[in-house]
Amino acid sequence: MKRLFVLMVIMAAAIAAAEAQRTDSTVPDTPTAQQGQPAQTGNQGAKQAAPAAQPPAQAGKNGRPMPAAKTPAEFKAYQDAVAKTTPAEVEAAAGAFSTQYPQSELTMLIYRKAMYDYQMDNNGEKTVAMAKKVLALDPVNPEALVTFATVTAQSTRETDLDRDERLNEAAADALKALQTINTDMLIPANAPPDRVEAFKNSLRAMAYDALGTVAMVKKDYATAETNLSKSTELNALPDAVTYLRLSVALDQQKKYPQALDAANKAVQYSADSPQANNLAKLERDRLQKLVSAGGAAAPNSPAPTSPAPNSPAPATPPPASKPPQ
């Protein structure tokens, strides 16, 4: 998912320009996950004199309004929490904030930042824990649903005693995310519509990738093919690991020419990931022999029998892209 992180950076620059025009200091910016940096808030450093009764900014089309602070003091406490520089500090700050402001809508945003920060820190266990914190406060939050589904699907192995439970939960959350992305994503008033839609599509791509990964572990290769193909179609920046999974799913169904095409793309897009690139080349070379031989299985070259493409993925993939601010 590294290429999707590039999309996050691209979106951040465009959305930041629009967000800088906001004047309502009672509404916090969306926490970022960019390289573990603290979230930047609109009019940061300016005098914060917004009255507590000032209404929150309205969401753009097909989304929900951003949560708002009820008082300037609450917003200042929120700013201090999201300014922490390590995931553990952000998590601790979220707990302290929730104690100080038990009815605040902003607690969820602080835990969401902790989720993204742990994700960028490649800490899958903590990423899942923070996603659960967000979902406990906002059960339809599509970012937390996609994050939980993706990390859980990619970290589950065939030998896990709770394999089916984990896979079923990941699939359920991915499906729920697909239902809520267009209606329940938090969208600031000035976020450019094209950037919002790009972010939604990146979340959809990750949801379908999670569903495809679940199917791979279950050896349901036809379902894996369907979902992984949808993921590749939605990705603005192609992801090598998704193409590698797709190649294996097609290979298992003896769709060798299509599998070879996916393997070639996996090789092409994995130049910055040696492990994924090596696996993609092995799969490509095997398929080239099969296609040249008219589809007959090459000696000593069995088709992959497990979702080995999970292995080049990090323990927790980077977020799809930076949430609109």
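**Figure 1. Asn-122 is partly exposed, with a relative accessible area of 39%.** This view comes from a predicted model. Asn-122 sits in the loop that links H4 to helix H5 (124-137). Its phi is near 65°, a positive value in a residue that is not glycine. The residue comes just after H4. Asn-122 counts as partly exposed because its 39% falls between the 20% limit for buried and the 50% limit for exposed.

**Figure 2. Lys-219 marks the loop between H8 and H9.** Lys-219 is not a glycine, yet its phi is positive, at about 65°. Its relative accessible area is 38%, so Lys-219 is partly exposed.

Figure 3. Read from the N terminus, the order of elements is α-α-α-α-α-α-α-α-α-α-α-α. The protein has 325 residues, and 53% of them are buried. Contacts between residues at least 6 apart in sequence tell more about the fold. Of these contacts, 72% join residues at least 24 apart. The accessible surface is about 13500 Å². Carbon and sulfur atoms account for 53% of that surface.

**Figure 4. Helix H4 spans residues 107-120 and is mostly covered.** H4 has 14 residues. From its first C-alpha to its last it reaches 20 Å, close to the 20 Å expected at 1.5 Å a residue. Of the 14 residues in H4, 13 are buried. Just after the helix, Asn-122 takes its positive phi of about 65°.

**Figure 5. Thr-107 lies in helix H4.** Is Thr-107 buried or exposed? Thr-107 is buried, because its relative accessible area is 5% and the limit is under 20%. Which residues does Thr-107 contact, leaving aside neighbours within four places in sequence? They are Ala-94, Phe-97, Ser-98, Tyr-101 and Leu-137.

**Figure 6. Helix H2 runs over residues 72-82 and has buried residues under cover from other helices.** The buried residues of H2 are Glu-74, Phe-75, Ala-77, Tyr-78, Gln-79, Ala-81 and Val-82. Their cover includes helix H3 (87-100). H4 is also among the elements that cover them.

**Figure 7. Helix H6 packs against helix H7.** H6 covers residues 142-155, and H7 covers residues 163-184. Their axes are 8 Å apart, at an angle of about 155°. The two helices are therefore roughly antiparallel. Their crossing is left-handed. On the H6 side, the contact is made by Pro-142, Leu-145, Val-146, Phe-148, Ala-149, Thr-152, Ala-153 and Ser-155. On the H7 side, the contact residues include Arg-166, Glu-169, Ala-170, Asp-173, Ala-174 and Lys-176. Ala-177, Thr-180, Ile-181 and Asp-184 of H7 also take part.

**Figure 8. Ala-207 is found in helix H8.** The residue is buried, with a relative accessible area of 0%. Ala-207 touches Val-146, Ala-174 and Leu-178, not counting residues up to four places away in sequence. Where does Ala-149 stand relative to Ala-207? The two are 58 residues apart in sequence, but their C-alpha atoms are 7.2 Å apart in space. Val-146 and Ala-149 belong to the H6 side of the contact with H7, and Ala-174 to the H7 side.

**Figure 9. Helix H9 runs over residues 221-234.** H9 has 14 residues. It reaches 20 Å from first C-alpha to last, close to the 20 Å expected at 1.5 Å a residue. Tyr-221, Ala-224, Glu-225, Asn-227, Leu-228, Ser-231 and Thr-232 are buried in H9. Helix H8 (193-217) and helix H10 (240-252) are among the elements that cover them.

**Figure 10. Lys-230 has its place in helix H9.** Lys-230 counts as partly exposed, at 33% relative accessibility. How many residues along the chain lie between Lys-230 and Met-206 in position? They are 24 residues apart, and their C-alpha atoms are separated by 9.9 Å.

**Figure 11. Helices H10 and H11 cross at roughly 160°.** H11 runs over residues 256-269, and the two axes come within 8 Å. H10 is therefore roughly antiparallel to H11. The crossing is left-handed. H10 makes the contact with Ala-240, Tyr-243, Leu-244, Leu-246, Ser-247, Leu-250 and Asp-251. H11 contributes Tyr-256, Gln-258, Ala-259, Ala-262, Ala-263, Lys-265, Ala-266 and Tyr-269.

How values were computed: Residues numbered from 1 in each chain as written. Predicted model: local features only at pLDDT ≥ 70, side-chain atom pairs only at ≥ 80, totals over all residues. Heavy atoms only, no water. Helix = DSSP H or I, 4+ residues; strand = E, 2+ residues; numbered from the N terminus. Buried < 20%, exposed > 50% of the residue type's maximum accessible area, 1.4 Å probe, protein only. Contact = heavy atoms within 4.5 Å. Areas by Shrake-Rupley, 256 points an atom, 1.4 Å probe, with all protein chains shown as cover. Expected span 1.5 Å × (residues − 1). Axes fitted to C-alpha atoms, helices over the stretch in contact; angles between N-to-C directions. Parallel < 35°, antiparallel > 145°, perpendicular 65-115°, else oblique. Left-handed = near helix turned anticlockwise from the far one by under 90°.
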